Amino acid sequence: MGLRAVIFDLDGVITDTSRFHYLCWKKLADQHRIFFDEEFNERFKGVSRKDCVRMLFPEIKDDVQLHELAEQKNRYYVEMIRQITPADLFDGTRELLCELHEHGIKTAIGSASKNTLLVLQKLEIAHWFDAIADGTEVAHSKPAPDVFELCARKLRVACSQCVVVEDAQAGIQAAHAAGMTAVGVGSRDLLPEADWVVNSVRDVDLELLNRLVLENQRLRAGEDKKGRQVGDTGGDHWVVCRFK
Ligand code: B16
Ligand code: MG
């Protein structure tokens, strides 16, 4: 019972690379005179490069052409992430990881990005995690549960004892599809399905994560078998009973 592992999304959760992804898609879209803005970009968060390029160019069916466009975007992105340094790690990440490790909680990175290792190397934090799973290792990207299930297998922890920290709606859905608890980083409007929403990792601590896992485990155990929404008591906290 209780929390045993925390899986962190990479882009947009522990560093601001989601901004870089946006700027690179925007550059590509502008070159092709396609409208692209931050609202449209929300749909790209947590989604594989291949799926993003299909969304940006829905009229193009030729795989070779789509692949070349995706490669172009990636060249822009790789160039941009060269500038990342350890100072680009979001505030609170190091402290949270230390707290988790001190209490024997395992940690992992679960990212859709095929550039995950490069970004972790630039941040100099790859060795802080017990496991890393990324877009190079899974067949289906978020909202499919694959990358988080792979993290759980690598950590040898049951999915029900994992919390995922995510900034993308696709990532929240992937966590839930894996049977994990999901903490959203961002706004409740954009992450309506998250079990809890925070502004940043600074607002996350062991006590919160443990409480959310226990709540979901109680729901799973059948305290509310009706599959209805269990609203809460106030604040911005509400739990969706998914375990029907
Ligand atoms: P790449 P995450 C995701 O990373 C990004 O949110 C998403 O915008 C990007 O398209 C995807 O990685 C693939 O990235 O082109 O580097 O393989 O949020 O799951 O850490
Ligand atoms: Mg993300």
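The briefing below goes topic by topic, starting with the metal.

This is a predicted model. A magnesium ion (ligand 2) is held by Asp9, Asp11 and Asp167. Ligand 1 has 18 residues around it, and the protein buries 98% of the area it exposes when taken alone.

**Magnesium site**

- Asp9 (OD), Asp11 (O) and Asp167 (OD) coordinate the magnesium ion (ligand 2), at 2.0 to 2.2 Å.
- Along the sequence, the donors follow the spacing D-x1-D-x155-D.
- Distant parts of the chain are linked here: aspartate 9 and aspartate 167 are 158 residues apart.
- Aspartate 9 sits in the loop between strand 1 (5-8) and helix 1 (17-31).
- Aspartate 167 sits in the loop between strand 4 (162-166) and helix 8 (169-177).
- Aspartate 9 and aspartate 167 are both buried.

- An oxygen atom of ligand 1 lies 2.6 Å from a polar side-chain atom of aspartate 11.
- The side chain of arginine 49 has an N or O atom 2.7 Å from an oxygen atom of ligand 1.
- Alanine 112 takes part through its backbone: a polar atom there is 2.8 Å from an oxygen atom of ligand 1.
- Ligand 1 taken alone exposes 460 Å², and the protein buries 98% of that.
- The largest pocket is the space taken by ligand 1.
- Two helices each supply at least two residues of the shell around ligand 1: helix 3 (49-56) and helix 4 (63-81).

**Strand 1 and the segment before it**

- Alanine 5 belongs to strand 1. Alanine 5 counts as buried because its relative accessibility is 0%.
- Isoleucine 7 and arginine 43 are 36 residues apart in sequence, and their C-alpha atoms are 21 Å apart.
- Methionine 1 lies in the segment before strand 1. Methionine 1 is exposed because its relative accessible area is 76%.
- Methionine 1 and glutamine 161 are 160 residues apart in sequence, yet 7.0 Å apart in space, C-alpha to C-alpha.

**Glutamate 166 in strand 4**

- Glutamate 166 is part of strand 4.
- With 0% relative accessibility, glutamate 166 counts as buried.
- A polar atom of the glutamate 166 side chain lies 3.0 Å from the backbone nitrogen of alanine 168.

**Cis peptide and what lies by it**

- Most peptide bonds are trans.
- The bond from lysine 142 to proline 143 is cis, with omega near 20°.
- Proline 143 is found in the loop between strand 3 (131-133) and helix 7 (146-155).
- The C-alpha atoms of proline 143 and glutamine 173 are separated by 5.3 Å, at 30 residues apart along the chain.
- Glutamine 173 lies in helix 8. Glutamine 173 is partly exposed, with a relative accessible area of 29%. That label applies because the value falls between the 20% limit for buried and the 50% limit for exposed.

- Glutamate 124 has a positive phi of about 60°, although it is not a glycine.
- Glutamate 124 lies in the loop between helix 6 (116-123) and strand 3. A relative accessible area of 53% makes glutamate 124 exposed.
- Arginine 156 has a phi near 60°, again a positive value in a residue other than glycine.
- Arginine 156 is in the loop between helix 7 and strand 4. Arginine 156 counts as exposed because its relative accessibility is 72%.

Note on methods. Residues are numbered from 1 along each chain as its sequence is written. Chains are lettered from A and ligands numbered from 1 in the order in which they are written. This is a predicted model: local features need pLDDT of at least 70, side-chain atom pairs count only at pLDDT 80 or more; totals for chains, interfaces and linings use all residues. Side-chain values use heavy atoms; hydrogens and water are left out. Donors are N, O and S atoms within 2.8 Å of the metal (3.2 Å for Na, K and Ca); water is not among the atoms, so sites may look incomplete. Helices (H or I, at least four residues) and strands (E, at least two) are DSSP runs, numbered from the N terminus. Buried means under 20% relative accessible area, exposed over 50%, partly exposed in between (1.4 Å probe, protein chains only). A residue is near a molecule or strand if one of its heavy atoms lies within 4 Å of it. A polar contact is a pair of N or O atoms within 3.5 Å; within protein, one must be able to donate a hydrogen and the other to accept it, and residues adjacent in sequence count only if both atoms are side-chain atoms. Accessible areas come from the Shrake-Rupley method with a 1.4 Å probe; for residues, only the protein chains shown count as cover. On a 1 Å grid over the protein atoms alone, a cavity is a set of points where a 1.4 Å probe fits but cannot get out, and a pocket is an open set with protein on both sides within 12 Å along at least five of seven lines; lining residues have an atom within 4 Å of a point. A molecule sits in a cavity or pocket if more than half of its atoms lie within 2 Å of its grid points.
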